[in-house]
Amino acid sequence: MALFSNTCVVLFVVSESANSYVKLMEDLEKMVTRMVFENYGVERYNDPHREITSHLLGLIKYAEPDQKTRPSIEGLPTHTDKGFISILHTNHVKGLEIKTKDGELIGFDPSPTSFILLAADAFQVWSNDRIRSCKHRVMLIEDESRYTIGLFAFQDGTIHLPEELVDEEHPLKYKPFNGLEFLNAQFRKAGQNGQEMSVEAYCGI
Ligand SMILES: O=C(O)CCC(=O)C(=O)O
Ligand SMILES: [Fe+2]
């Protein structure tokens with residue numbers, strides 16, 4: 001992910017002493033993941049999946065644009081998140097835009113009383129493309145700082161695509177995939193040329 005001078009990101013590894021707020025976000029991530037596994041009839045993979053799942057907590061501050069010289073600035077360019085699921089909680093300042101299948105960017109009205117869940121790249125791999133990672137960006141237009149807290153679930157271990165999700169209509173799309181290695185490869189690629197690496201390029205068949 002490219003960062004800009006108006007954007008500041010701090011990342012923490014969430015430890016066992018995480019406070020109840022973080023626990024709430026973690027529980028939400030666990031619940032949604034379990035519901036999706038159950039929905040696909042593959043809940044038997046949920047426990048092994050849990051064993052290799054970790055969370056990163058990120059705090060992001062986006063400074064407001066200078067309304068006189070640049071009424072809008074890009075806080076984060078269009079990207080997909082690289083883990084499994086991301087949960088975002090923001091203040092009231094607008095900025096998040098979600099890209100639809102047709103390539104249209106739709107602004108998201110923030111609510112400090114709601115969490116936003118985004119499917120990320122590893123979820124796409126795990127689901128054999130049934131779930132697509134969500135493309136999004138942050139555009140700053142308001143005359144106030146925007147704050148985001150993000151909980152990013154990823155797997156420190158190999159994600160095996162459930163055999164139940166492979167059939168004639170959905171042939172196997174990906175090789176087994178290690179979530180942490182993908183994150184590391186992503187950081188290396190971003191360090192080289194500031195570009196993202198797609199899961200198709202990383203482990204597509
Ligand atoms: O601030 C936001 O709403 C989005 C943050 C984001 O996309 C990210 O941290 O990957
Ligand atoms: Fe993101």
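Trainee: Which residue just after H4 takes a positive phi?

Mentor: This is a predicted model, in which local features need pLDDT (the predictor's confidence in each residue, from 0 to 100) of at least 70. Residues are numbered from 1 along each chain as its sequence is written. Helices are DSSP runs of H or I with at least four residues, strands runs of E with at least two, numbered from the N terminus. With a phi of about 70 degrees just after H4, the residue is Gly194.

Trainee: How far apart are the end C-alpha atoms of H4?

Mentor: H4 has 15 residues, 179-193. The expected span is 1.5 Å times one less than the number of residues. That gives 21 Å, and the end C-alpha atoms agree, being apart by 21 Å.

Trainee: Within what arc do the buried residues of H4 fall?

Mentor: Buried means under 20% relative accessible area, exposed over 50%, partly exposed in between (1.4 Å probe, protein chains only). In H4, Gly179, Phe182, Leu183, Ala185 and Gln186 are buried. Seen down the helix axis, with directions taken to the C-beta atoms, they line one face, so the arc is 165 degrees.

Trainee: Which exposed residues does the face of H4 turned away from its buried side carry?

Mentor: The buried residues pack against H3, E9, E11 and H5, where contact means heavy atoms within 4.5 Å. The face turned away carries Phe187, Arg188, Gly191 and Gln192.

Conventions. Chains are lettered from A and ligands numbered from 1 in the order in which they are written. This is a predicted model: local features need pLDDT of at least 70, side-chain atom pairs count only at pLDDT 80 or more; totals for chains, interfaces and linings use all residues. Side-chain values use heavy atoms; hydrogens and water are left out.
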